[in-house]
Amino acid sequence: YRAYLERSGLHAPEIEAEGAGWFNNTVLMGKMSGPVEVSVPYFLADETIRMLERYRDSGQPFLIFLNFWGPHAPYLPSEPYASMYDPADIPPWPNFEDTFEGKPTAHRRYRDAFYGEGNPRRSWEEWSRWVARYYGFMTQIDAQIGRVLAALDDLGLAGLTGVLISTDHGEHAGAHGGVHDKEMLMYQETYHIPFMLRLPEQETVQRIAQPISNLDIAPTLLDIAGITPAHDLDGLSLLPLLHGDPQPERPAEVLCMFNGHHILYQSRMITDGEVKYIFNPTDRDELYDLRADPWELDNQIDNPAFAKTLAA
């Protein structure tokens, strides 16, 4: 990155901090100085385009991982993206007033730890400024992905190259009473992550409703490349779904696991995309009807009407 700045005649950006959290007052929101060309997302896209040019010239097949840090916190977009969204135009999340009634005690403790024990939680007026920066950061990164896709077109590689875009987790960004980041909370904001796949010479766009897992990424990439795995993999290739072929071995549900991250906590979640059950071995379990309650405000774990669903 430093070498890129030097050869481009650019100066390293500075951070203008605008928001902080946790006990050590970590900077979590602000903006980067300078033009977008000095930002790390722009640099990463630039390096990827240079690699594509080298592979095109050599005629070699390639597998490139382009990993952006953002839009993970700290949300630090550059202009014009930093000012692209008006906080006044962003309504509160429908679950922003979540009281955690009937939910695991750890959810409230985690939320309160972000503000500092005993401190009042932050207003939507403040959170909307954070979300505006978050949206700007996402849009800035989307633009860099667009540069890479345009380069595939310009280099004549688009019809030969599969493109897969996903993330490692989502972001609460103030949802559920003002929660930041992720951790043990197995809400949709963290676990229902973006996943887009473009196959070489694909002409139609379709949305697959079947729940899938990030375990499916490795076998899908191998399938695109025409490579048989050397041993069994936990996931399944997604190509049959995309081709409309039956895949009887694919379960109707996906299993997700949390094994602790900064905290002593474990949980397991299983969902078919319509109902979600969460097992919290040291706390209260959760059951959400995602059809009637997509914002996961009502824990149905003790509701007799859901007893059969829970047993299943």
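How many bridges join E5 to strand E6? Select residues 267-271 for E6: five bridges join E5 to this strand, and the two run antiparallel. The model is predicted, so local features need pLDDT of at least 70 and side-chain atom pairs count only at pLDDT 80 or more, while totals for chains, interfaces and linings use all residues. Residues are numbered from 1 along each chain as its sequence is written, and side-chain values use heavy atoms, with hydrogens and water left out.

Two strands pair if DSSP finds at least two bridges between them.

**The hairpin of E1 and E2**

Go next to residues 15-21, strand E1, and residues 26-32, strand E2, which pair in the antiparallel sense over six bridges. Glu16 stands opposite Lys31 in E2. Four residues lie between the strands of this hairpin, and Trp22 takes a positive phi near 70 degrees there. Now select Asn25, in the loop between E1 and E2. Its phi is near 60 degrees, a positive value in a residue other than glycine. Asn25 counts as exposed, at 55% relative accessibility (buried is under 20% relative accessible area, exposed over 50%, partly exposed in between, with a 1.4 Å probe and protein chains only).

**Helices H2 and H4**

Select residues 40-58 for H2 and 124-154 for H4: the two helices pack at an angle of about 10 degrees, with axes 9 Å apart. That makes H2 roughly parallel to H4 (angles under 35 degrees count as roughly parallel, over 145 as roughly antiparallel, 65 to 115 as roughly perpendicular and the rest as oblique). On the H2 side, show Pro41, Tyr42, Ala45, Asp46, Thr48, Ile49 and Leu52; they meet residues of H4 including Phe137, Ile141, Arg147 and Leu152. Contact means heavy atoms within 4.5 Å. The residues of the contact of H2 with H4 divide into 10 nonpolar, three polar and two charged (Ala, Val, Leu, Ile, Met, Phe, Trp, Tyr, Cys and Pro count as nonpolar, Asp, Glu, Lys and Arg as charged, and the others, Gly among them, as polar).

**The loop between H2 and H3**

Two cis peptide bonds can be picked out in this loop. One runs from Ala73 to Pro74, with omega near 5 degrees; the other joins Glu79 and Pro80, with omega about 10 degrees. Most peptide bonds are trans.

Lys103 is found in the loop between H2 and H3 as well. Is Lys103 buried or exposed? At 6% relative accessibility, Lys103 counts as buried. Display its side chain with that of Tyr187: a polar contact of 3.1 Å joins them (a pair of N or O atoms within 3.5 Å; within protein, one must be able to donate a hydrogen and the other to accept it, and residues adjacent in sequence count only if both atoms are side-chain atoms). A polar atom of the Lys103 side chain also lies 2.6 Å from the backbone oxygen of Glu296. Leaving aside neighbours within four places in sequence, the contacts of Lys103 include Asp98, His176, Arg284 and Tyr288.

**Helix H3**

Move on to residues 105-115, helix H3, whose buried residues are Ala106, His107, Tyr110, Arg111, Phe114 and Tyr115. They pack against E1, E2, H4, helix H5 (175-178) and E8. Center on Tyr110, which counts as buried at 6% relative accessibility. Its C-alpha atom is separated by 7.7 Å from that of Val179, 69 residues apart along the chain. Not counting residues up to four places away in sequence, Tyr110 touches Trp22 and a set that includes Val179, His180 and Leu185. Just after H3, Gly116 takes a positive phi of about 100 degrees.

**Last stop: Ala173**

Select Ala173, in the loop between strand E3 (163-166) and H5. Ala173 has a positive phi of about 50 degrees although it is not a glycine. With a relative accessible area of 1%, Ala173 is buried.

Notes
Axes are lines fitted to C-alpha atoms, for helices over the stretch in contact, and angles run from 0 to 180 degrees between N-to-C directions.
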